[in-house]
Amino acid sequence: MDTSRGSAMQLWLLCNLVLIIGPSKAEKGLYKPAGPITARVWTNSSSSPPFVYPELSDGEFGMPLLQRKPNLGICVSGGGMRATTLALGWVRALWQMGVLQQARYIASNSGGSWFNGAMSYTQVPLKQFFGPYIPPQQLDTSAAQTLSPGSYGEAVNKAAPVMEILRKTLLDLVTRGERVRAWSDAIGEAFLDPFAVGSARSSVTTLGTRGRVHERVSQQAPSIPFLTAGTQDRPFPIILGSLILQNNPRKFFPFEFSPLYYGMPPLQLDTQPVALGGGMVEPLGFNSAPPTAGVVSPNGTKAVTVSSSSVVGLVQAVGVSSSFVAQKTQGGKEGREQLLSVEEFDYWNLWGFKGVNDAKFGDGGGHDNQAMTPLLRRGVENIIAGSATKCDPFAGAIEYSKCQYDISGLYGAVPLDMKPIDGVAPDLYNKMLQVFPKEGYTQFYNSMVSKLKAGQAPSIKQSLKVLPNPFLGIAGGYTANVLWLLNVKDTTWESALPKDTKKLLEDFRKGRGIGARKDAASTIYASLKEFPYITTFAMDYSPELTQMLSQMASYTVPQRCRITRRPIVVAHPYFSCSPNILCTAACVCKDWRQAVQQCAACNTYVQIELGSCSKPGTTVATAAAQLQPKIASFASWLARHGPLCLGVDRNDEVTDAVVDEFWATLRSSNG
């Protein structure tokens with residue numbers, strides 16, 4: 001057979017298939033700068049002195065407001081549509097509580113990165129982006145079917161990336177090197193385009209640097225837009241991916257995308273054909289030929305001149321972070337990358353400016369699906385971890401550790417009799433990922449199960465020693481306070497639902513859902529039937545599923561923060577967490593509010609006590625009755641004057657009813 005004729009016939013068929021399927025809403029062609037780019041590089045090839053990340057430095061890339069925030073980070077895990085929907089719920093609640101606004105970082109992987117990329121870079125107001133919180137008592141079927149216009153929940157419901165991926169994969173095969181790969185393109189169209197941050201012909205930057213870096217970089221590429229992070233009400237975003245070496249036993253190496261830099265912070269000297277990592281480069285300088293200038297000194301920084309193959313934007317970062325196909329196939333064999341929609345970039349290390357053309361990149365879940373390690377690399381001491389778990393919590397500690405290996409691996413507790421995890425042996429996987437002592441996993445699991453048996457949603461708070469992990473670039477040697485937010489069946493939330501919503505959920509779980517909704521597709525049916533343990537591969541979410549899963553997640557956050565007795569932090573970024581003026585908060589009455597407003601720097605921590613607004617000798621019942629309206633008044637005031645207060649907590653005498661009233665008023669005032 002004439003192979004050339006056969007190839008021509010295949011190409012003709014592919015072209016006709018593309019024409020039959022039709023064009024996308026906006027094909028994402030790549031942007032290649034007309035001339036050389038000057039980009040800053042940073043090296044992290046020595047442990048002494050400790051590496052300082054650019055945003056935390058004293059130089060032009062340092063971000064003063066970020067540095068004044070508490071040492072708090074949020075991470076949202078991978079898990080496809082389940083993860084992105086849960087992230088919406090968790091982070092919405094943290095925003096309403098004021099926690100999101102004062103966190104330094106938000107790190108993400110896979111489905112969590114769809115949410116993170118949209119939220120962190122869009123100019124859409126967060127109130128519109130999140131949509132309203134709906135308490136379970138008000139979540140009837142009508143409310144469950146109604147998603148707020150312009151919200152992320154609406155985008156999740158409308159997302160139908162599977163057919164787009166198939167169509168765009170065909171385009172990949174006939175337009176090699178001219179466009180964003182099919183997976184990234186489809187994900188961007190579904191989750192970024194609704195918020196005007198999906199253009200491939202764009203780069204990223206951030207506001208808030210000492211040297212006004214965003215102005216300098218935009219001058220280097222004036223013909224493209226720059227998606228901008230760094231607004232005061234949002235943390236610094238880090239999107240996690242993996243650089244894939246198929247022939248290396250570890251296969252997946254940590255890679256970060258941020259608005260200031262892209263790169264692989266830890267240095268790996270034993271990889272072939274070149275060493276990997278050792279630092280980062282500004283986004284405009286990524287995907288280029290290696291610079292010809294001399295290498296940078298260890299833990300140094302300098303400007304280099306490079307020729308970019310094409311600019312890598314947010315849509316590709318989010319696509320890489322969630323490319324589980326690349327993860328499951330370890331990048332694919334030569335000639336299959338386009339069919340598998342694997343992103344390939346020209347990469348060079350910061351150790352010796354040695355490069356690899358068409359290096360393969362994929363899902364960050366290959367080495368950390370929880371996206372916690374970027375925070376530990378930066379020494380973050382307080383972490384809120386949203387984990388889109390999907391496994392039966394009562395399966396037993398060993399079985400659960402096998403199913404949720406992405407959690408047990410952080411403790412080095414993956415059972416050694418498991419099959420290889422995406423091609424990585426379990427003992428090596430433990431060594432790659434372990435950042436906490438192994439006994440911490442037993443504590444984690446036992447706490448989860450005991451709380452579920454008691455009818456409580458598990459609010460797992462752990463104080464964990466951070467272990468050194470050179471592979472991940474984690475120095476360790478400090479204690480991290482981790483608050484886990486897990487996706488579990490919340491019986492308290494379900495019991496509070498209206499009767500019609502309870503029946504809807506019960507019908508689907510018992511297999512009657514198709515009859516109840518004739519338009520329900522099989523993927524929706526399967527998803528609601530397993531609620532909330534929805535398969536990662538379900539890619540078509542009904543309004544009810546989107547609303548119920550995200551609202552359940554929002555409901556559980558304040559409950560868990562209350563149970564763990566952590567402060568409700570509402571610090572303003574302009575104020576230091578170690579003020580030289582401390583206000584005394586004796587009660588939540590008018591006199592205290594007037595006193596606080598006179599302070600020069602008011603990072604005041606408020607302890608709500610039962611008798612704080614009553615005379616000595618008042619009975620408990622009377623004191624509670626007197627405190628209730630004061631709490632409602634205080635919550636209304638706090639929504640308008642959050643910058644005056646560092647945190648709010650209660651003593652043991654203050655009942656749940658009083659705190660629930662506080663939350664209801666604060667949410668209502670915050671919209």
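Start with Tyr105: this residue is buried, with a relative accessible area of 0%. Here, buried means under 20% relative accessible area, exposed means over 50%, and partly exposed is in between (1.4 Å probe, protein chains only). Keep in mind that this is a predicted model, where local features need pLDDT of at least 70, side-chain atom pairs count only at pLDDT 80 or more, and totals for chains, interfaces and linings use all residues. Residues are numbered from 1 along each chain as its sequence is written, and side-chain values use heavy atoms, with hydrogens and water left out.

**The chain as a whole**

- You're looking at 26 helices and 17 strands; helices (H or I, at least four residues) and strands (E, at least two) are DSSP runs, numbered from the N terminus.
- Of the 671 residues in the chain, 60% are buried.
- Take the contacts (heavy atoms within 4.5 Å) between residues at least 6 apart in sequence: 72% of them join residues at least 24 apart.
- The accessible surface is about 25700 Å², and 55% of that belongs to carbon and sulfur atoms; the areas come from the Shrake-Rupley method with a 1.4 Å probe, and for residues only the protein chains shown count as cover.

**Aromatic pairs**

- The count of aromatic pairs comes to 36. Rings of Phe, Tyr and Trp (its six-membered ring) pair if their centres lie within 6.5 Å; planes under 30 degrees apart count as stacked, over 60 as edge-to-face and the rest as tilted.
- Tyr105 and Phe236 make an edge-to-face pair, because their ring centres are 5.9 Å apart and their planes sit at 90°.
- Tyr105 is in strand β3 (residues 105–108) and Phe236 in strand β6 (residues 236–244), so this pair ties together parts 131 residues apart in sequence.
- Phe236 is buried too, with a relative accessible area of 2%.
- Phe444 and Trp484 also pair edge-to-face, at 5.3 Å centre to centre and 70° between the planes.
- One aromatic cluster is made up of Trp95, Trp114, Phe115, Phe129, Phe130, Tyr152, Phe191 and Phe195.

**Arg378 and its rings**

- Arg378 lies over the face of Tyr53, 4.0 Å from the ring centre, and over the face of Tyr105, 5.6 Å from the ring centre.
- The rule for a charge over a ring is NZ of Lys or CZ of Arg within 6 Å of the ring centre and within 35 degrees of the ring normal.
- Arg378 also belongs to a salt-bridge network with Glu55, Glu256 and Arg377.

**Salt bridges**

- There are 14 salt bridges in the structure, each a side-chain nitrogen of Lys or Arg within 4 Å of a carboxyl oxygen of Asp or Glu.
- Lys158 and Glu154 meet at 3.6 Å, N to O; they are 4 residues apart in helix α8 (residues 152–158), which means about one helical turn between them.
- Lys158 is exposed, at 60% relative accessibility.
- Glu494 and Arg509 bridge with their closest N and O atoms 2.8 Å apart, linking helix α19 (residues 491–495) to helix α20 (residues 499–509).
- Glu494 is buried at 11%, whereas Arg509 is partly exposed at 22%.

**Thr556**

- Thr556 is part of helix α23 (residues 543–563) and is buried, at 3% relative accessible area.
- Leaving aside neighbours within four places in sequence, Thr556 is in contact with Trp90 and Asp490.
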